[in-house]
Amino acid sequence: MLQNIRDNSQGWIAKTIIGVIVALMALTGFDAIFKATTHTNDAAKVNGEEISQNELSQAVDMQRRQLMQQLGKDFDASLLDEKMLRESALKGLIDRKLLLQGAEQSKFAFSEGALDQVILQTPEFQVDGKFSSERFDQVIRQLGYTRMQFRQMLAQEMLIGQLRAGVAGSGFVTDAEVLAFARLEKQTRDFASLNVKADPAAVKLTDDEVKAYYDEHAKEFMTPEQVVVDYVELKKSSFFDQVAVKDEDLQAAYQKEIANLSEQRRAAHILIEVNDKTTDAQAKAKIEEVQARLAKGEKFEALAKEFSQDPGSANNGGDLGFAGPGVYDPAFEKALYALNKDQVSEPVRTDFGYHLIKLLGVEAPEVPTLASLKDKLTRELKTQQVEQRFVEATKQLEDSAFEASDLAQPAADLKLTVHTSKPFGREGGEGIAANRAVVSAAFSQEVLEENANSTGIELDPETVVVLRAKEHLKPEQLPLEAVNTAIRAQLTKEHASAAAKTKADQLIASLRDGKTPLDKAVEGQNWKVVTAATRAQEGVDPTVLQALFRMPKPAAKGKPTFSSVTLQDGSLMIVRLDGVNEAVAPTDEEKAQYRRFLASREGQQDFAAFRKQLESQADIKRY
């Protein structure tokens, strides 16, 4: 099982960490699991285990931050409806809770050593191919984790990964299913097609038809409801020129920065696990046996390869590479930092068994100069001040807007300019109206009907606006003259397509009856013949291919089956199926590929069904 975890560390585990860093996680809200230690209001309960409102709020916030980090500064977070975002986050928290409970009930587990190896071998935590404690801290800080919180999150991910692999990995298919799939997948079809073009020029419309269509679809021909808003915009960037960094603050930040540097220690270990098959006494006896052989002069590396039950390091002589404080189990770390180079510890007991630990090397931290860090620290200190100024100004803007009857006073208080938007509808528009939160606020009851200023609206982490309705343009009926051309174009297309359909149906009937020869041109147009067409045949409209492979097999040679497909321009394509070519038996390699594909699909379906079962059997209460 440990080997499986190690193998997966370069697969789903690595992908999980990458996903945490750069993308929206499939199951949201991991951060919240660790931050809410006390709460009074629950968002949900899953089999008696609480999900707090605080957890939910933090999960929503994490979703939003990750989307913005993934999609860049131009991403408009307000495009996601807040209610939808909360529902998605809550569902993610509930799903995660169910899966963790399912993993616990199924007795899935892994060693602390396996978790260490995942962290040490993750490329995102490495510099020049080696684990970097500083890089590790930098990445997890960006995610809002402490080291312990990140280990807890990753441990839960590994449990869920084991559960997923256990359920989905059990999917299998029979030989008959593989052969049936291969027969359908490799089947080809011989067909011919003939285009019956729609002729818009032959359509004659009367004014009465146009008027009747206009009257029948009157609600479709209305001017959109629109609004014009005044707004003030508060930008964080405007405060950067207003703040300065004192020398003493810069010095203090430098001292804090270098204080976080720590030496890296390269450890090797031999692990004897304590588990369902090996008792504490048995494991202790085994590690003492290894210790005795070590004392007689045998090589640590050779003994690690022979005895260590940590597959992530055993083949490398127990070598774990360089790491800083906070990576290993506390007992393991305490013993490691008490060693001198090339010294081996006494047996160390952790939650996962007994270890012999050897210190292979020590790397002292390289302390940068103040001059080399000055620009970076100055930016960070200014950013902190700007953030505080921005928060204070945002609150001032909201308070002032709440009390004011227009935007003139709030703008004057903060030396801002009142801007006016172009008219926009509920679907949004250009500029500020491209933001969904702005559109929602502009058409809200408070702003549109009660003539109040909006609350602060975050366009992005750098910008907040407050708006006020200036003009409400209600829907009005468009005159017939304004839509006459559009109606005529629509009716012309419909009539032309209907005429082409009638003509195609008549031609198909004639072909079936033998009145029209199958091997001759029709009205000067030759059949376009394709032999042995596959389901992904190039040069054939996908709609035609879809219809082709749904058609029944011809009753006999010379007795084709027919169908017709309406194309985007309103024309009809007559499809003549001449023959179905059964595939040759698949090769062993093809059967193996089909088996893997079908088993994977079966496994995914099994895991989805398992999750559904967990949900259906659970006591879930949403508040």
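Reader: How many cavities does a search of the whole structure find?
Author: The search finds 3 cavities of 30 Å³ or more. The structure is a predicted model, in which local features need pLDDT of at least 70 and side-chain atom pairs count only at pLDDT 80 or more, while totals for chains, interfaces and linings use all residues. Residues are numbered from 1 along each chain as its sequence is written, and side-chain values use heavy atoms, with hydrogens and water left out.

Reader: What makes a space a cavity, and what makes it a pocket?
Author: On a 1 Å grid over the protein atoms alone, a 1.4 Å probe fits in a cavity but cannot get out, whereas a pocket is an open set with protein on both sides within 12 Å along at least five of seven lines. The second largest cavity has a volume of about 50 Å³, a volume being the space filled by probe spheres set on points joined across faces, edges and corners.

Reader: Which residues line the second largest cavity?
Author: Among them are Glu112, Gly113, Asp116, His269, Tyr328 and Phe352, each counted because lining residues have an atom within 4 Å of a point. Helix 5 (residues 112-121) gives the most, 3 residues; helices (H or I, at least four residues) and strands (E, at least two) are DSSP runs numbered from the N terminus. The lining divides into 4 nonpolar, 4 polar and 3 charged residues. Here Ala, Val, Leu, Ile, Met, Phe, Trp, Tyr, Cys and Pro count as nonpolar, Asp, Glu, Lys and Arg as charged, and the others, Gly among them, as polar.

Reader: Why does the second largest cavity lie between domain 2 and domain 5?
Author: Domain 2 (42-170) and domain 5 (262-363) both give residues to its lining, so it lies between them. The bounds come from an automatic or database domain assignment.

Reader: How much area is buried between domain 2 and domain 5?
Author: About 1,300 Å², of which carbon and sulfur atoms give 55%. That is the accessible area (1.4 Å probe) the two parts lose on being put together, summed over both. In domain 2, Glu112, Gln117 and Leu120 lose the most, together 32% of what that side buries. Across this interface the rule finds 1 salt bridge.

Reader: What makes Asp95 and Lys91 a salt bridge?
Author: The rule asks for a side-chain nitrogen of Lys or Arg within 4 Å of a carboxyl oxygen of Asp or Glu. The closest N and O atoms of Asp95 and Lys91 are 2.8 Å apart, so the pair meets the rule. Being 4 residues apart in helix 4 (residues 82-105), they are separated by about one helical turn. Glu363 and Lys130 also meet in a salt bridge, at 2.9 Å, and the structure holds 28 salt bridges.

Reader: What lines the largest pocket?
Author: Its lining has 32 residues, with Glu134, Gln138, Arg141, Glu257 and Leu261 nearest the centre. Helix 6 supplies the largest share, 7 residues. By class the lining has 12 nonpolar, 8 polar and 12 charged residues, around about 1,300 Å³ of space.
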